[in-house]
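Here are my notes on this one, as numbered points. Have the coordinates open while you read.

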Amino acid sequence: MAGKLRNIIEDLARDYLNSALTLRYDICTCPICRNDMLAFVLSRVPAKYVTTEQGALHTIIQQSRVEHQAAIARAIIEAIDTISKKPRHELKEDKSKIFHLLLDKIKEDRGLDFSHYHQELLKRRVAIRLRSTGISTYSDYLRTLMNDPSEYDRLFETLCINVSEFFRDPEVWHKVAGVLKKIIQEKKEEHNPFICIWSAGCADGEEPYSIAILLKETFGDLLADFRVEIYGTDVDDKSLKTAQKGAYTKQFLKNVDKTLLAKYFDYEDGGYCVKKEIRQMINFGYLDLTGPEHKQNVDIVFCRNVFI
Ligand SMILES: C[S@@+](CC[C@H](N)C(=O)[O-])C[C@H]1O[C@@H](n2cnc3c(N)ncnc32)[C@H](O)[C@@H]1O
């Protein structure tokens, strides 16, 4: 007797849809909406039936996964977008409105205005905090922030993605060296000894330290004729503390060759500490780029990967 017929596209779509919805606190993911999304996907991707008795079922499922996953993933994106905009029921909470209330609350309490940030990315980051705190709605999360302001520290750590490294994207730094040469040449011609460089959103300090090392390497003793000021600013206090310390593990230094490592770093306690001559070239401090204050008379501003 033939076994039961099973649409393996449906199994795959259900799996992918469940993962795609894991961190989506910003939309309705109730069973009705999930079902609608699944139906939408199945209307886009042709069914593939197997019988439960068919030999090598596992291999068939694997092959189908490889063959159809791109089409299923595309249909899922479309399904989530379409169904979440028009759920078949009233939403108890207007998620988009409450999310904006949450951003307003952050601005009111901590002065940080996230309204210009990439909203989808922000929602995904906030979702990480919701998940860790076991909260399922933005309104409950708002209440948590009111009752336990220490949650702000954890939220900011999650929102202010502060990953960086020394000489991140090495090809950019070749160009930076060219720009610095031009600036020094102009300053010489103008008999102006002041050079001001600002790393805005400096994370743990890798960027401003890379600038200082590049200046030393490119201009050597000539730098003594100039008054160089490098500012490293950020909104993440924890990052600023790390930056001031200037101690890093090897993973942040993969673009620094052995000669530079020996010249500008001291090996201490299993890590690398930026030498004092480089550390004292930088002034670190808190500065919120969404606020009214900014540095004046700057020759170059580095603002890379900040409003991501
Ligand atoms: C991914 S890191 C980039 C570090 C470095 N600029 C680079 O390109 O490698 C982004 C940094 O921007 C900071 N940042 C985000 N919003 C900011 C704001 N409004 N004002 C200042 N810094 C901000 C974060 O705290 C984080 O340390």
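1. A definition before anything else: an angle between axes counts as roughly parallel when it is under 35 degrees, and as roughly antiparallel when it is over 145. Values of 65 to 115 are called roughly perpendicular, and the rest are oblique. Also keep in mind that this is a predicted model.

2. Start with H4 (residues 95-110) and H6 (residues 138-147), whose axes are 9 Å apart and pack at an angle of about 15°. H4 and H6 are therefore roughly parallel to each other. As for handedness, H4 passes H6 in a left-handed crossing.

3. Which residues do the touching between H4 and H6? From H4 you get Lys95, Ile98, Phe99, Leu101, Leu102 and Lys105. They meet Tyr138, Ser139, Tyr141, Leu142 and Leu145 in H6. By class, this H4 to H6 contact has eight nonpolar residues, one polar and two charged.

4. Next, H5 (residues 119-133) with H7 (residues 151-159): here the angle is about 140° and the axes lie 9 Å apart. That makes H5 oblique to H7. The crossing of H5 and H7 is right-handed. On the H5 side the contact uses Leu122, Arg125, Ile128 and Arg129, and on the H7 side Arg154, Leu155, Thr158 and Leu159. Sorted by class, the contact of H5 with H7 comes out as four nonpolar, one polar and three charged.

5. Now the pair of H1 (residues 8-20) and H2 (residues 31-44), with axes that come within 10 Å and cross at roughly 130°. H1 and H2 are therefore oblique to each other, and H1 passes H2 in a right-handed crossing. H1 brings Ile9, Glu10, Ala13, Arg14 and Leu17 to the contact, while H2 brings Arg34, Met37, Leu38, Val41 and Leu42. How do these residues divide by class? The contact of H1 with H2 has seven nonpolar residues, three charged and no polar ones.

6. Zooming out, the chain is divided into domain 1 (5-85), domain 2 (95-159) and domain 3 (170-302). Taken over C-alpha atoms, the centres of domain 1 and domain 2 are separated by 30 Å. Their contact takes four residues from domain 1 and ten residues from domain 2. The side of domain 1 that touches domain 2 has three nonpolar residues, one charged and no polar.

7. Last, the ligand. How many residues surround the ligand, and which are the closest? There are 20 of them, and the closest are Cys160, Asn162, Ser164, Gly201 and Arg304. What is the make-up of the shell by class? Eight of the shell residues are nonpolar, six are polar and six are charged. If you are setting up anything around the ligand, that list of closest residues, Arg304 included, is the one to have on screen.

Terms used
Residues numbered from 1 in each chain as written. Predicted model: local features only at pLDDT ≥ 70, side-chain atom pairs only at ≥ 80, totals over all residues. Near = placed C-beta within 6 Å. Nonpolar A, V, L, I, M, F, W, Y, C, P; charged D, E, K, R; others polar. Axes fitted to C-alpha atoms, helices over the stretch in contact; angles between N-to-C directions. Helix = DSSP H or I, 4+ residues; strand = E, 2+ residues; numbered from the N terminus. Left-handed = near helix turned anticlockwise from the far one by under 90°. Contact = placed C-beta atoms within 7 Å. Domains from an automatic or database assignment.
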